[in-house]
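Trainee: I would like to go through this model with you, one question at a time.

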Amino acid sequence: MAIAVPQTTKLNLSETLDWLKQRYPDAVKDDERQGFSGVIVDKNRLREVAQVIRDELGFDYLSSATAVDYFGISNHMEMVYHAYRTSGGPALVFKAQTDRENAEIPSLIDVWPGVDFQEREAYDLYGIRFPGHPNLKRILMWDGFNGHPMRKDWKEAYYEEEHKPFDSRWPSGWVHRAEERNIYGKNVRYPDDIDLSRLSDTSEATLYAGLGLGVDVHELDTDGIRTDRLVVNMGPHHPSTHGVFRMIVTLNGETIETLEPVMGYLHRNHEKIGERNSFLHNIPFTDRLDYLSSMGNNFGYVLAVEKLLAQGARYTPPTYRVEVIRVLMAELTRIVNHLWSLGFLLNDLGAFFTPMLYANNEREKILDFFEAVAGSRLMCNYMRFGGVFADIPERMYGVAHLINDRVRDFDTMEYLTDMITERLPRFFDEFERLLVGNEILRDRTIGVGVLPYDLAIALSTCGPLLRGSGVPYDVRRAEPYSIYPELDFDIPVGKNGDIYDRFMVRIQEMRESVRILKQLLPRLEATKGEDVVTKVGHTPRVPIGEAYGRVENPKGELGFYVVSEGDEKGPQNPWRYHVRAPSFINLTALGPMCVGHKVADVVTILGSIDIVLGETDR
Amino acid sequence: MYGQGIAKGLWITFKHFVNTYVDDIRYAGRKYMDQAHFPVRQSPKAQGAFTVQYPDEKIAVPERFRFVPFLVVEDYDHPERPGHDWCTSCGICPKVCPPQCIWIVRGQDPVTGRPVPEPEAFFIDIDLCMNCGYCAEFCPFDAIKMDHDYELASYDRTTNHIFDKDKLSKEMRYWKTIAPTRAVEEMEARGGWDHKDVQKEKAKAARAVAQARKTEAEKPADGDGNAAPAAQAASADADAEKAKAERLAKREAALARKRAREAGEQG
């Protein structure tokens, strides 16, 4: 079958931008601000241009869509879109601007359905309306919340100052609690038209509206059984959700007709915190996003800020050893995360805790290594701008100082070599034999939760979910970073896009990670003694501009969109700090995957997406 | 045949079960009992699953392990400065602290009102602390370090969870115990076991003495050999005193200017 591919899909980025400007001379303009890239599209013609970008230029994958509030600088808001080709290459960045008062930008949901949750998030946190979006309501905050918290003029509860560090801490820092002193207190406000004495909870009504309840029973009449749809709330405390996540499921008998994810129970406005923080402060906060793979989160954020720093004058890029160590950590994190997710997927399937504990046994060994190197098992906080916290220690050992302390003492390189060359490959073989032939597992997973190839791309899914559907898209190959170009590894893909394929993709990915790790061991030996500690101090001079740093995290593409804009003191803090969270965007595919299956399958389908609520809710 | 895969899987489970006991037989139970076999149980080479029986046994945490920070003070039996704070209240740790859980009151000379390099009060709200280790990493004086004592649970957060200077202070000796290699590395970077400022003063004194010796050696030896170096040293001391006085006067003047400016702004 020959599909006529327009020649324009082969243009490189600058040619693409020129072509686009030529085609739409009045609607597409260069973004000429200092340090910014991409084009600004007239919002009235955004839909039309987006369609062309997807169909004629071949940017079929919309990675990230996010809003920025330039309150106090140019007093407008803008949506920033990052579109990629699934064949690889850099992003086409395009933006649409609107004024703050009556913020409105046409929805792109017809072009890229994956923008669904991201537009809802922008509506929720920034108050931008998206005409054309079929289900535009709050997604992270609760219904009935007053205001849009990411707007620059919105102050959070216990607000102290615009930026950290706070003046009250030094030099006369008498301790106080935020709740004792604060004018903003809990900062609960109600809309003006609410009469509190007659307050009734309407939040659930908006949720349930449009779920298709109360239909004429004859409509569903099958086999002579007269029945109505049934609404089941799975969660927020259902054990299968691995956190606080809720799915509103409409059932016809046992079969799922619609599924709507409800999230935000763990929402802490990570991005607002990130804007109050300095650039350096954010690194330990990224640990708390996807808390199972904190090394990967550090990596993504550090890459984004390094892109900005590289535009400045005094910046030395990280040494080769730093890159080797970073990739080592990122790949170990991938194994840690996949072991955990596969273990819990089997828990969801009813293989209760035996395989999960086998997987955890190996995971613990890697976490021991993290603890010896970075100082913490989960919240590693290891990477720095232009370096890492410290070199890998010679020996992994502790000193007994509490009662009953038992001492371990290992040579670090020996430990790593043992893990990488023997223990982990042996375990993967065993794990595969333990489960892959298992008939119950095969019955429960093959053909369940199918996500077709084209839908996976359209819904902007990423990571093993996307590759399980047969799309060989991996940021490590599509837009390589660090030392990945020189490493030899394959991108495993599935065929059918069902749970089983995702399962196998994860196992294969762990094997590929081990392959990468084996190539890193000689590099580690060869670079011994190279400097790894960064020269960038605790108050880096980050030049004005924007940067989008993305890494292939275990759960998928993790992106950090960082804008550095000066106030009177110069850019000390990120003006905008956005996390393109793979767990969050992958959930867009949950509904379409579940429809037509049974209730029990929802649990496994959710497990096969592999979400972490710390990252979903941010 | 249906069920073959399940049987294979169960065989692996069975092997795991047996593996755990193979080592038991080999080590005849010592693996659990004695300290020497603990690393054997924990190494990547160990077969089978082994748990650690907390709190009857605890894994000694590695050197870099970080938990709520403590303040380094000189050993209480130190000959010159027993119990002296290493902290100079320079204010870097409250600045780099991501959750802003460090409060410092800078020390002041009660007579002159000038800041002195010593904190008057130091607080850490351990409920806010996220154990990131930035304070220890960026402290230029090695005066704040991450602790290894992770058993800090208590019943009342409002009274027990704000640590003040007394509760935070721990001897240098303690840091040397819990992090032997890092303490040595830091010592090498500083050039000695003393505080950076003490090192500087010592180096200055040593330079003065060396200078004195040098001038003495250059001098032609006449009868009055002993008095000259003493006089030299005395004059070096006097010079140092003079320089110090000048510095203080300058700072005083700068402060006065600042106060005048502030007063002007208010007026």
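Predicted model: local features only at pLDDT ≥ 70, side-chain atom pairs only at ≥ 80, totals over all residues.

Trainee: What distance separates the centres of the two domains assigned in chain A?
Mentor: The assignment gives domain 1 as 7-126 and domain 2 as 270-617. The centres are taken over C-alpha atoms. Between domain 1 and domain 2 of chain A the separation is 28 Å.

Trainee: Which element gives the largest share of the side of domain 1 of chain A that touches domain 2 of chain A?
Mentor: The contact takes 24 residues from domain 1 of chain A and 27 residues from domain 2 of chain A. On the domain 1 side, strand E3 (61-69), strand E4 (76-84) and helix H3 (116-126) of chain A each give two or more residues. By class, that side has eleven nonpolar, eleven polar and two charged residues. The largest share, six residues, comes from E3(A).

Trainee: Why do the buried residues of H1(A) lie on the same side of the helix?
Mentor: The buried residues of helix H1 (residues 13-23) of chain A are A:Thr16, A:Leu17 and A:Leu20. They are on the same side of H1(A) because they cover an arc of only 95° around the axis. On the other side of H1(A), the exposed residues are A:Ser14, A:Glu15, A:Asp18 and A:Gln22. The reason asked for is the arc of only 95°.

Trainee: Which strands are included in what covers the buried residues of H1(A)?
Mentor: The cover lies over A:Thr16, A:Leu17 and A:Leu20, the buried residues of H1(A). It includes strand E1 (28-30), strand E2 (39-41) and strand E5 (92-99) of chain A.

Trainee: Which element gives the largest share of the side of chain A that touches chain B?
Mentor: The contact takes 54 residues from chain A and 55 residues from chain B. By class, the chain A side has 26 nonpolar, 15 polar and 13 charged residues. Among the elements giving two or more residues are helix H10 (354-374) and helix H11 (412-435) of chain A. The largest share, eight residues, comes from H11(A).

Trainee: What is the bridge partner of A:Arg406 in E1(B)?
Mentor: Two bridges join E12(A) to strand E1 (residues 58-59) of chain B. These strands run parallel. The partner of A:Arg406 is B:Ile59.

Trainee: Which strands stand at the edges of the open sheet in chain B?
Mentor: Three strands form this sheet, in the order E3-E4-E6, with antiparallel pairing. Six bridges join E3(B) to strand E4 (residues 115-125) of chain B. Each edge strand has a single partner strand, so one side of each is left without a neighbour in the sheet. The edges are strand E3 (102-108) and strand E6 (162-163) of chain B.

Methods: Residues numbered from 1 in each chain as written. Chains lettered and ligands numbered in written order. Domains from an automatic or database assignment. Contact = placed C-beta atoms within 7 Å. Helix = DSSP H or I, 4+ residues; strand = E, 2+ residues; numbered from the N terminus. Nonpolar A, V, L, I, M, F, W, Y, C, P; charged D, E, K, R; others polar. Pairing = 2+ DSSP bridges. Buried ≥ 20, exposed ≤ 12 C-beta atoms within 10 Å, placed from the backbone. Arc of directions from axis to C-beta.
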